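Colleague: I have a few things to go through on this model before I use it. Can you put it up?
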Amino acid sequence: MSSKTLIKQGAEAKLYSATFHGRPCIVKERFKKSYRHPSLDQSLTNQRIKSEVRALLRSRMNGVRTPTVYFVDLETSQICMEEIRDSVTVRDYIMSVQKSQSLEDSIVQLKPLGRKIGETLAVLHQNNIVHGDLTTSNMLLQSDPMNLNLVMIDFGLSHFENLAEDKGVDLYVLERAILSTHPNSDEFFSEILDSYTQSNPGSADVIAKLDEVRMRGRKRTMVG
Amino acid sequence: MVIAIGFEGSANKLGIGIIKDGEVLSNPRHTYITPPGQGFLPRDTAKHHQKHALDILRKALDEAKVTPSDIDVVCYTKGPGMGAPLVSTALVARTVAQLWRKPIIGFLNPYQPSDIEMGRLITGADNPTVLYVSGGNTQVIAYSQRRYRIFGETIDIAVGNCLDRFARVLKLSNDPSPGYNIEQLAKNGKKFLELPYTVKGMDVSFSGLLSYIEEKAPELVEKGEYTPEDLCFSLQETVFAMLIEITERAMAHCGSQEVLIVGGVGCNKRLQEMMGKMAEERGAKLYATDERFCIDNGAMIAQAGWEMYKSGQTTPLKDTFCTQR
Amino acid sequence: MKGLFEATLLKTSLILDPFQVIVAVNKAVHQQKINKMMTKTVHSEILFSLSPRKNISNAFKTFGMGDKDTSVFVAILNDHDKSTMSVIQNLIKGRQVDPYQVSELTNLQSIKEVYNLSETELSVSNTLDAVVSRIASKDIVQV
């Protein structure tokens, strides 16, 4: 691997840009969290690297585009993977669309993207891949965003689970992330749910759980 | 110069605090203690508050060295909380306000998002990410798109509730509070037991962890594999790590460089220490958490009321009701 | 041939691109560095690394050059003075070609079978990426 340049410091990992034997790559390095008990820290870090690698491969095997993994080093907690070149995050794309046109027009323009995201999540969930941290920053659009080449990233909190509850929470996490990041995004999220439901025949249970989790936030005991 | 007196009794603690221009003059409390292993019921809690209200009021005035005539405004919690204790406390506040002929301010728990602006005023923090942790709440609140929003929260039980329920399993005393006793025991814990750790996006879940440790604890202690101290230690390390993690995620998401812990669980020193380390690593600032920022006390309420009074707001007597939600 | 030279002789029909070998070599060398090799030498570890599964003898049989093969992909490590290379050039009677020409000898069907590649996957990924993902992830997930 060539020398690496820090491009982003997230909450639990540093992202570097480098090349892996001639190919542009991203090195994702999870760092120690000194606030955590050392054995908890070690076990979480290991668990998350493994979850990430597993989900990156399984998603791709089921037809969801993810970065190609080149090298995994559990000793230094690094994953070296393909750099998705010429891409924007869905977050930035939505913001630029909303900025450049009227609310009505942007809703219309974002519709196909919402459908694509819904279909993609349906595929993941049908294969029991629960992402665990769905946000618009964890989705990339490669080359022309209009082509909807959606690439899913950041699977560190993912797990494999057939429970409707976990899938419902996955959607809930996305809903909260979208509504808190993007103003006037209710219709965009509805579009996602709509296409999720249409492309996932077994989604009724998941949607029921989503509704249940939404309610839970609102009536919790105050006693304690 | 404004002197405010605050009454807080939304849960099992009755607290009356007096504040003079941001300085805590007095803040006595009395906690309704139930036998080990038991929670508290609204009716009995209300009786407790009724019984101790006058003693504590006397104590608050004496410690602050003020007389009723020095006081400018009377403040109390409208809610949320348990109905009967809230009403009992509000009754005392309304009575003294009329007796002393002072304006009254009633408001919802100041760290509910709609009122969180107050937290900013109090601390002087500019754009803080707030971890609000108590018996009934577990939320990460931050400023985005020009208003405060809940970024993360528990999807099942609150962290304080989780700690209290585990204290019941170990039959820890409720004096002064189960959480406090867990904190003391945890200081002597050494052996770490790995527990289910559940973070989903910026949300956390404690119910799986709680049922796991509830089920395992008696056996682990009996066999001598782990001491109650070890289990309290492991529980705190795990649940607090989850809380710090979602707080950090929210900070990273919003680009916030300030963090503040509020709520009863916020008084836990280990939680503060962990938050401090996280903040330091991010080059962010942790705002000092003192008793004024723990919800269940009178000084907090007086402080919040003081801010409102200064901005010219008071509550007409007809609106001095309570609400459980 | 033992002792004469150290190199890995690979079955060309299962090599799609030199990059596939690079990913396997990278992994083998890393395992050697951290003393966690599953096989005896780094050269055999390369063979093992190429396989998407954990069965060692199967990996050797599948990815090693066979008796009837008429071509071979040779992987040599640390041959700065080209000494190993010259020994091999003398031993092998044949024409040396650019490693990238291996694609002309690839049996795509065998690759798909050995690496368990589906059309679903290949609709979003090129074959090489699908293959190297498996090599890099094998310790954590097998297909």
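Predicted model: local features only at pLDDT ≥ 70, side-chain atom pairs only at ≥ 80, totals over all residues.

Colleague: Which pair of chains shares the most contacts?

Modeller: Chains A and B, out of 2 pairs of chains in contact. That contact takes 28 residues from chain A and 37 residues from chain B.

Colleague: Which helices of chain A each supply at least two residues to the side that touches chain B?

Modeller: H1, helix H4 (164–181) and helix H6 (204–216) of chain A. By class, the side of chain A that touches chain B has 13 nonpolar, 11 polar and 4 charged residues.

Colleague: And how many residues does the contact between chain A and chain C take from each?

Modeller: 18 residues from chain A and 21 residues from chain C. On chain A, helix H1 (38–61) and strand E4 (69–73) each supply at least two residues of the side that touches chain C. The largest share of that side, 6 residues, comes from H1(A). Its residues divide into 8 nonpolar, 4 polar and 6 charged.

Colleague: How far apart are the closest C-alpha atoms of chain B and chain C?

Modeller: They lie 21 Å apart, and no contact joins chain B and chain C.

Colleague: Switching to chain B. What does the domain assignment give?

Modeller: Domain 1 (3–110 + 295–319) and domain 2 (125–292) of chain B. Their C-alpha centres lie 27 Å apart. In the contact between them, 14 residues of domain 1 of chain B meet 15 residues of domain 2 of chain B.

Colleague: Which helix gives the most to the domain 1 side?

Modeller: Helix H9 (residues 298–310) of chain B, with 3 residues. By class, the side of domain 1 of chain B that touches domain 2 of chain B has 7 nonpolar, 6 polar and 1 charged residues.

Colleague: Where in chain B is confidence lowest, and where is it highest?

Modeller: Confidence is lowest in helix H3 (residues 117–123) of chain B, at a mean of 60, and highest in helix H6 (residues 207–222) of chain B, at 96. The mean pLDDT of chain B is 88, and 91% of its residues reach 70 or more.

Colleague: Which residues does UniProt list for "binding site"?

Modeller: The UniProt entry, which is unreviewed, lists Tyr132(B), Val133(B), Ser134(B), Gly135(B), Gly136(B), Asp164(B), Gly179(B), Glu183(B) and Asn268(B).

Colleague: Take Asn268(B). Which residues does Asn268(B) touch, leaving out those up to four places away in sequence?

Modeller: Gly179(B) and Glu183(B), and the UniProt record includes both of them in that list. Asn268(B) lies in the loop between strand E12 (258–262) and helix H8 (269–282) of chain B.

Colleague: Is Asn268(B) buried or exposed?

Modeller: Asn268(B) counts as buried because it has 24 C-beta neighbours inside 10 Å, and 20 is the cut-off. Gly135(B) is buried too, with 29, and Gly135(B) sits in the loop between strand E7 (128–133) and strand E8 (138–144) of chain B.

Colleague: Now backbone geometry. Which peptide bond is cis?

Modeller: The one from Asp175(B) to Pro176(B), with omega near -5°. Pro176(B) is in the loop between helix H4 (159–169) and helix H5 (178–186) of chain B. Most peptide bonds are trans, and most residues other than glycine have a negative phi.

Colleague: What is phi of His21(A)?

Modeller: Near 45°, a positive value in a residue other than glycine. His21(A) is in the loop between strand E2 (13–20) and strand E3 (23–30) of chain A, and it is partly exposed, with 15 other C-beta atoms within 10 Å.

Colleague: And Asn35(C), buried or exposed?

Modeller: Exposed, because Asn35(C) has 6 C-beta neighbours inside 10 Å. Asn35(C) has a positive phi of about 55° although it is not a glycine, and it is found in the loop between helix H1 (18–33) and helix H2 (42–50) of chain C.

How values were computed. Residues numbered from 1 in each chain as written. Chains lettered and ligands numbered in written order. Contact = placed C-beta atoms within 7 Å. Helix = DSSP H or I, 4+ residues; strand = E, 2+ residues; numbered from the N terminus. Nonpolar A, V, L, I, M, F, W, Y, C, P; charged D, E, K, R; others polar. Domains from an automatic or database assignment. Buried ≥ 20, exposed ≤ 12 C-beta atoms within 10 Å, placed from the backbone. UniProt positions renumbered as here; feature names shortened; annotations may be inferred. pLDDT = per-residue confidence, 0-100.
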